[in-house]
Amino acid sequence: QVQLVESGGGLVQVGGSLRLSCAASGGTFRRDAMGWIRQAPGKEREFVAQIDWTGLITTYVNSVKGRFTISRDNAKNTVYLQMNRLKPEDTAVYYCNAGLNRATMTADYWGQGTQVTVSS
């Protein structure tokens with residue numbers, strides 16, 4: 001059974017940093033694009049970042065460019081999201097995914113989500 005398990009969320013002050021991890025088990029995602037979306041209370045799900053299977057092509061939503069960095073370690077079946085200079089508007093539940101279709105916001109697999117709260 002394929003599982004994506006996130007970790008690394010928490011409470012941080014404005015300007016702080018967090019590193020999210022997403023470990024895949026029960027399958028291999030070496031050929032899949034992997035990424036993160038987020039959902040804040042009362043808001044729609046929002047694409048955050050995606051990385052292709054080679055790790056060479058990354059895509060970000062404009063609001064996180066220059067602050068967030070997505071990376072992956074295929075040997076460990078793990079994708080990371082380094083979040084720096086966090087802002088209150090980054091507060092959301094962050095979901096890891098594999099094989100995301102950005103147009104439909106559907107994915108082959110989802111993690112359970114990890115809460116990120118940025119306090120001002």
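Some housekeeping before I go on. This is a predicted model, so local features need pLDDT of at least 70 and side-chain atom pairs count only at pLDDT 80 or more, while totals for chains, interfaces and linings use all residues. Residues are numbered from 1 along each chain as its sequence is written, and side-chain values use heavy atoms, with hydrogens and water left out.

The rings do have charges over them, where a charge sits over a ring if NZ of Lys or CZ of Arg is within 6 Å of the ring centre and within 35 degrees of the ring normal. R102 puts its charged end over the ring of F47, 3.7 Å from the centre. R19 lies over the face of Y80, and there the distance to the ring centre is 4.0 Å.

Now, salt bridges, meaning a side-chain nitrogen of Lys or Arg within 4 Å of a carboxyl oxygen of Asp or Glu. Searching the whole structure turns up 3 salt bridges. One of them joins E46 and R38, at 2.7 Å from N to O. Is E46 buried, partly exposed or exposed? With buried meaning under 20% relative accessible area, exposed over 50% and partly exposed in between (1.4 Å probe, protein chains only), E46 is partly exposed at 28%. R38, on the other hand, is buried at 5%.

R38 also forms a salt bridge with D90, where the closest N and O atoms are 3.0 Å apart. Strands here are DSSP runs of E, at least two residues, and helices are runs of H or I, at least four, numbered from the N terminus. D90 lies in the loop between strand 8 and strand 9, and R38 is in strand 4 (residues 34-39), so this pair ties together parts that are 52 residues apart in sequence.

Then there's D90 with R67, another salt bridge, 2.7 Å from N to O. R67 sits in the loop between strand 6 (58-60) and strand 7 (68-73), so this pair ties together parts 23 residues apart in sequence. Both D90 and R67 are buried, and for D90 the relative accessible area is 1%. Through shared partners, salt bridges join R38, E46, R67 and D90 into one network.

What else is D90 in contact with, once neighbours within four places in sequence are left aside? Taking contact as heavy atoms within 4.5 Å, the list includes V64, F68, R85, V116 and V118.

On to the nonpolar core, a set of buried Ala, Val, Leu, Ile, Met, Phe, Trp, Tyr and Cys residues joined through side-chain atoms within 4.5 Å. The largest one has 33 residues, and W36, L81, M83 and Y94 touch the most other members. Strands 3 (18-25), 4, 5 (46-51), 7, 8, 9 and 11 (114-119) each give two or more residues to this core.

Last stop, Q112, in the loop between strand 10 (109-110) and strand 11. Q112 is partly exposed at 48%. Beyond four places in sequence, Q112 is in contact with L4, V5, E6 and Y95. Its C-alpha is 9.4 Å from that of V93, 19 residues away along the chain.
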